[in-house]
2 protein chains.
Amino acid sequence: MDIKESIKMAKLASTDLASSSGEDRNDALRKVANALRSGCDAVFAANKLDVEAARAENLSDSVIKRLKFDEHKLEGVLDGISQLIQLPDPIGKKLLSRELDKDLCLYRLSCPIGVLGVIFEARPDALVQISTLCIKSGNCAVLKGGSETARTNKALFELITGALKESRLPSNCLLQIEERSQVKELLSCSGDIDLIIPRGSNSFVQYIMANTTIPVMGHADGVCHIYVSSHADKQMALDITLDAKTQYTSVCNAVETILIDKKIANDFIPAFYKQMTDAHVTLHGNREFADTLKALCPDSECILMDDSEYHKEYLDYECSVKLVDSLDEAVKHINTFGSHHSDCIITKDNDEAERFMNTVDSANVMYNCSTRFSDGYRYGFGAEVGISTSKLHARGPVGLEGLMTYKYKLYGSGQKVADYVNGTRKFHFKDL
Amino acid sequence: MDIKESIKMAKLASTDLASSSGEDRNDALRKVANALRSGCDAVFAANKLDVEAARAENLSDSVIKRLKFDEHKLEGVLDGISQLIQLPDPIGKKLLSRELDKDLCLYRLSCPIGVLGVIFEARPDALVQISTLCIKSGNCAVLKGGSETARTNKALFELITGALKESRLPSNCLLQIEERSQVKELLSCSGDIDLIIPRGSNSFVQYIMANTTIPVMGHADGVCHIYVSSHADKQMALDITLDAKTQYTSVCNAVETILIDKKIANDFIPAFYKQMTDAHVTLHGNREFADTLKALCPDSECILMDDSEYHKEYLDYECSVKLVDSLDEAVKHINTFGSHHSDCIITKDNDEAERFMNTVDSANVMYNCSTRFSDGYRYGFGAEVGISTSKLHARGPVGLEGLMTYKYKLYGSGQKVADYVNGTRKFHFKDL
């Protein structure tokens with residue numbers, strides 16, 4: 001069966017999965033956990049081959065660390081599954097209960113979205129996390145993991161689907177795509193796939209968004225800002241900019257542009273410059289910043305950039321810097337050049353902070369703390385499927401809740417609209 | 001200033017509107033109501049010209065009824081504005097409050113989506129409803145109404161923006177487009193417009209969806225079904241199918257296909273056929289239905305259709321009919337040929353009804369009542385901007401709530417992620 005046909009079958013199975021009981025889904029999760037525990041040797045063996053191949057291709061140590069799936073990572077995903085089992089059933093939550101008239105009752109009930117297409121980086125633990133989030137939320141899914149862990153993914157997926165066959169859920173509710181060429185087919189399955197969740201590089205996500213009519217949830221880039229206000233605590237501003245830039249540079253919530261209020265430039269810039277060069281961060285700035293820096297620190301270096309280039313995402317030990325006249329200019333800059341992901345103000349003035357947080361049009365706005373906090377785990381959401389910069393549906397870190405939609409159920413006893421139009425009957429709208 | 005430039009300015013103004021107080025927005029609504037009351041003569045005069053032009057073009061009476069804006073419709077929209085003012089402020093609702101660690105607090109707060117593009121049919125009252133919903137919800141909007149009421153729209157819009165100039169809200173938060181050619185420019189404003197809401201014919205909405213990368217909320221077609229189960233109350237099934245088909249044929253929640261369980265065909269079809277022909281409804285059916293009908297009612301007429309044509313939307317006194325073997329076949333038919341809008345089961349069996357409502361993948365599922373009930377007014381939502389068949393963001397009838405998104409605000413006191421990664425500090429996640 002080709003992949004499009006399989007996806008069509010999964011779509012049909014999705015209604016059965018959506019009406020499965022929470023106990024059946026938890027039971028399937030327990031079976032998945034048991035299968036992973038008892039079959040882990042096959043996974044470790046497959047992973048060893050993936051890691052050896054990655055070494056042969058000279059992939060960096062940090063990438064290889066992510067590819068690895070060992071006893072420690074297994075414990076992590078098993079722990080995640082136990083937590084998922086504890087969570088209340090997300091299906092069938094009553095979001096609204098209203099009597100419209102006698103024996104005519106309206107309910108808004110949470111239900112799964114349907115069939116998800118999730119494309120994610122080479123991280124075997126992500127495959128388990130996403131599969132189990134989908135099982136808990138009652139969503140079918142088509143999974144495509146990074147090819148560097150193809151062998152590990154295959155071994156994990158076999159254990160998971162083997163466990164599903166022993167459960168009362170439709171066994172074809174999870175599908176795996178192994179070939180990159182099949183991604184194009186996946187993107188063409190509008191009508192059968194309800195939502196695509198791509199994770200990965202900016203260019204990859206933009207490719208996905210441009211090549212499908214299926215709704216896409218996620219974010220392409222993370223051009224995050226810190227605005228150091230004239231009312232900032234200097235040491236706090238230094239600490240937070242350093243953390244946001246260097247604690248982990250290759251992630252979407254690392255800061256890329258620092259906006260410094262002109263009123264504190266003379267005091268702040270020399271210490272800031274010293275800290276950033278000590279941490280091996282290269283600064284980029286427009287003519288105004290470069291000249292100011294030169295005047296304050298004659299031996300300094302800064303790569304000159306054009307005012308139109310401030311949307312750059314470095315994901316590295318590099319950082320754009322700009323001087324601004326005011327909070328309003330900072331907000332305007334962020335709303336124009338940013339990616340609506342995570343943006344921060346450092347200030348001692350609460351009113352100023354409130355104005356910044358209300359007018360910056362981003363999924364996450366921070367006050368006196370690092371942009372690196374915008375993350376499902378750090379927000380206490382448990383596992384996350386990604387971070388959304390869209391304003392529709394889920395915004396910010398997306399967990400279980402973002403995989404749900406709702407439907408209206410109207411229970412009647414023979415009511416016709418004609419009677420309400422001609423006045424024979426009247427609505428009385430009473431929330432239950 | 002051309003329209004793209006004006007939209008860019010509205011985008012910049014949207015952050016001010018988003019941070020305006022509920023009292024300022026209610027005050028603006030009061031000023032709009034006063035302006036409409038005191039300036040109504042100009043609107044009535046403009047409307048008279050629109051109606052005369054429509055008569056000269058031989059538009060139908062039902063269309064002209066919709067174009068008309070008189071004292072009665074004015075009272076209706078003024079009543080709507082008073083109700084909007086009474087509603088609680090939708091901005092800044094705390095949807096989550098959580099202490100992540102000491103002096104590190106996370107809030108999820110409702111906020112406006114930003115700038116909406118709303119394209120709607122020739123109904124002057126819709127212009128007022130949409131404008132005032134946008135003011136209440138703090139969204140900027142670009143409005144394009146049907147050209148048949150261009151003069152009335154212009155007069156209404158002048159009064160509304162005149163009132164906004166007297167208020168504390170940005171006066172350019174509402175824009176109007178008068179030329180159809182400008183719609184194309186509107187659709188190209190991704191980045192400045194956050195959401196397009198199109199209302200109108202199937203082909204019009206499909207054109208919009210195919211010609212923009214901006215998210216679109218709404219529905220193209222309404223292929224609604226009623227499944228008459230073998231456990232249906234016969235008279236109730238007759239009453240509800242008649243109401244759903246004929247109470248108002250040109251609307252999206254009118255029924256287009258009746259699925260009849262084979263087990264009751266002999267008893268149900270003759271009465272159903274007589275009722276529908278008495279109401280001047282033409283039936284369409286596949287070979288199986290046509291043969292069954294002929295056998296039961298030798299003088300009957302039915303237009304033969306192919307099994308692949310069951311996605312037809314008539315919006316008229318016409319109806320597709322099909323025989324099905326079971327509830328499962330009915331559900332599969334609806335999920336395959338339907339438009340995920342509003343679908344109903346008639347049965348006396350609660351379990352069967354529950355299975356139908358859980359497995360039919362539609363925004364609105366009904367049990368023993370007319371599909372015509374799926375409507376913001378009848379659900380008690382007050383004014384609606386449309387009905388969404390999307391599963392993301394808002395689904396079903398969309399009121400004020402569907403015009404909101406949320407943002408995460410994180411209030412810190414100098415926290416860095418590095419401390420939580422190296423174990424110096426730990427999250428304690430305490431919901432406030």
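**A walk through chains A and B**

Modeller: Let's start with B:Leu315, which counts as partly exposed at 33% relative accessibility (buried is under 20% relative accessible area, exposed over 50%, partly exposed in between, using a 1.4 Å probe and protein chains only). Keep in mind that this is a predicted model: local features need pLDDT of at least 70, side-chain atom pairs need 80 or more, and totals for chains, interfaces and linings use all residues. Residues are numbered from 1 along each chain as its sequence is written, chains are lettered from A and ligands numbered from 1 in written order, and side-chain values use heavy atoms without hydrogens or water.

Biologist: Okay, and where is B:Leu315 found?

Modeller: In the loop of chain B between strand 10 (303–304) and strand 11 (318–324). Helices and strands here are DSSP runs numbered from the N terminus, with at least four residues (H or I) for a helix and at least two (E) for a strand. B:Leu315 also has a positive phi, near 55 degrees, although the residue is not glycine.

Biologist: Which residues of helix 13 in chain A are buried?

Modeller: Helix 13 (residues 327–337) buries A:Leu327, A:Ala330, A:Val331, A:His333, A:Ile334, A:Asn335 and A:Phe337. Their cover includes strand 11 (318–324) and helix 14 (350–359) of chain A, along with helix 1 (3–18) of chain B.

Biologist: Back to chain B. At what angle do helix 5 and helix 6 pack?

Modeller: About 10 degrees, with the axes of helix 5 (residues 71–86) and helix 6 (residues 124–137) 10 Å apart. That makes helix 5 of chain B roughly parallel to helix 6 of chain B (under 35 degrees counts as roughly parallel; the axes are lines fitted to C-alpha atoms over the stretch in contact, with angles from 0 to 180 degrees between N-to-C directions). Among the residues that meet there are B:Val77 and B:Ile81 from helix 5, and B:Val128 and B:Leu133 from helix 6 (contact means heavy atoms within 4.5 Å).

Biologist: And B:Ser131, is that buried or exposed?

Modeller: Buried, at a relative accessible area of 1%. B:Ser131 is in helix 6 of chain B, and beyond four places in sequence it touches B:Leu143, B:Ile160 and B:Leu174.

Biologist: What about B:Met217, where is that found?

Modeller: In the loop between helix 9 (202–210) and strand 7 (224–228) of chain B. B:Met217 is buried, with a relative accessible area of 5%. Its C-alpha is 8.3 Å from that of B:Gly386, which is 169 residues away in sequence. Outside four places in sequence, the contacts of B:Met217 include B:Ile197, B:His393 and B:Val398.

Biologist: Last one: which residues does B:Glu178 contact?

Modeller: B:Lys144 and B:Lys154, leaving aside neighbours within four places in sequence. B:Glu178 is partly exposed, at 44% relative accessibility, and belongs to the loop between strand 5 (174–176) and helix 8 (181–187) of chain B.

Technical notes
Parallel < 35°, antiparallel > 145°, perpendicular 65-115°, else oblique.
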